[in-house]
Amino acid sequence: MKRVYANLALLSLLSISFSFFLPTAFSRTKLPSPTATLDVSGSLQNTRGVLSFDPQSQTSFSEQEQEQRQEQTSSGSFSVRLHPRESLVRTPYREYKALVLARLGRDSARVDALASKLNLALNNVTRTDLTPLRTEIQPEDLSTPVSSGTSQGSGEYFSRIGVGTPAKQFYMVLDTGSDVNWLQCQPCTDCYQQTDPVFTPSSSSSYTALTCESPQCGSLEVSACRTGKCLYQVSYGDGSFTVGDFVTETVSFGDSGSVNDVALGCGHDNEGLFMGSAGLLGLGGGPLSLTKQVKASSFSYCLVDRDSSKSSTLDFNSAAPGAESVFAPLVKNGKVDTFYYVGLTGMSVGGKTVSIPPSLFQMDESGDGGIIVDSGTAITRLQTQAYNSLRDAFVKLTPDLKSTSGVALFDTCYDFSSLSSVQVPTVSFQFTGGRSLALPAKNYLIPVDSAGTFCFAFAPTTSSLSIIGNVQQQGTRVTFDLAKSRVGFTPNKC
């Protein structure tokens, strides 16, 4: 009898033990890990590598073009290579922190410019309010920057695009936050240094000047007329600007195809921080953007690490994202058609939703507020209340990390100089529809020097406009499915 009781007691103990461990085992298989690993050594190695990187020692531009031609694309789709800024021109900085501060300076100007563009639209400032009277303007007046606040900011990633007939290849800035396409043209009143020879209009048989009465000229925010031909002007948040003739040209995408009669600016006076690029590809949602002019039903890009010499692709009308992608709905703003707004409901840290009112991510009836996905902004900006809550949640879960003083716009930084790697809480975006995008640790803890200082790569903004920046997008293929009004995020698809 004692043996029976003993067996029953043993079975009871095993049952309790099994019931104790079983939920834990199942929870581990069902729930994503609340932490991510940051490769400190790898990140610091990149910071040293980018300072000594010599574009001429890497695969030559002609060889890259040959690789591009060998890429297979389906009928009606286009694909071109995409490169980070520092892979084109050797950086002038000897210390990584100086490079970071320069990037952040450009970034702050960019954010201010996007906010100004939105504010002008919300205040019903029209094109006629921004354009000088045609009876008074002189062509030479267009050689000075516009100080109207309609600047849009320059970008950090470049694609290789062909312009003209026969096509000449140029590196162009990728920018989802603006619409006007342009490149530097001869004769140059004032041109900055670029990697490729400056475009010569007379060498192209497809170059055609637009008249002042053309619909394309009428769609410009700032324009003027000279001898019946349209002149354009675009200024950017960092003080850069471009002025010249507004024309149509044939644009080609390697050997994957070409499009005729694309409206673009032929800039004769161009100044600023475009550094190496020949001009800019406007991929916004406005009528003059490249996406609208090539009638793309979708486009996608994957942004490699900015400290890397690697490249990825910019694709138009490519295959739809797979089931592994995280989708967010595109949200229309009736006041501004350039920006790509997405539905975001919140954020999580370490697997727990941060207490942030969803209204801080939403657009109101007037078009104010909301959050956009932008290729040209580096650091994600959140309204101050949302940022403070996110930062505090992250700090609360990292009490053992060695903190250090802030750098520039970053107020939460850590000293990882003695570490090769570190486990940190996962940060995720929570999109409308219930899907979450967990970010790799390197997309929200970034080095700001080569000594081991890493900062939490989000920043507050007093503007109502929030922005998902390119640091948070790195390593993820971002697909703008315009036909289905959604954005897809596919990790590790570069």
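Hi everyone, let me start inside the protein: its largest cavity has a volume of about 40 Å³. A cavity here is a set of points, on a 1 Å grid over the protein atoms alone, where a 1.4 Å probe fits but cannot get out. The volume is the space filled by probe spheres set on those points, which are joined across faces, edges and corners.

Please keep in mind that this is a predicted model, where local features need pLDDT of at least 70, side-chain atom pairs count only at pLDDT 80 or more, and totals for chains, interfaces and linings use all residues. Residues are numbered from 1 along each chain as its sequence is written, and side-chain values use heavy atoms, with hydrogens and water left out.

Now to strand E29, residues 476-481, where six of six residues are buried, meaning under 20% relative accessible area with a 1.4 Å probe, protein chains only. On one side sit Thr 476, Val 478 and Phe 480, and on the other Arg 477, Thr 479 and Asp 481.

Which strands flank E29? Strand E12 (residues 298-302) pairs with E29 in the antiparallel sense over five bridges, and pairing needs at least two DSSP bridges. Strand E30 (residues 486-491) is also antiparallel to E29, over six bridges. Phe 480 is the bridge partner of Phe 299 and stands opposite Val 487 in E30.

Definitions and conventions: On a 1 Å grid over the protein atoms alone, a cavity is a set of points where a 1.4 Å probe fits but cannot get out, and a pocket is an open set with protein on both sides within 12 Å along at least five of seven lines; lining residues have an atom within 4 Å of a point. Buried means under 20% relative accessible area, exposed over 50%, partly exposed in between (1.4 Å probe, protein chains only). Helices (H or I, at least four residues) and strands (E, at least two) are DSSP runs, numbered from the N terminus.
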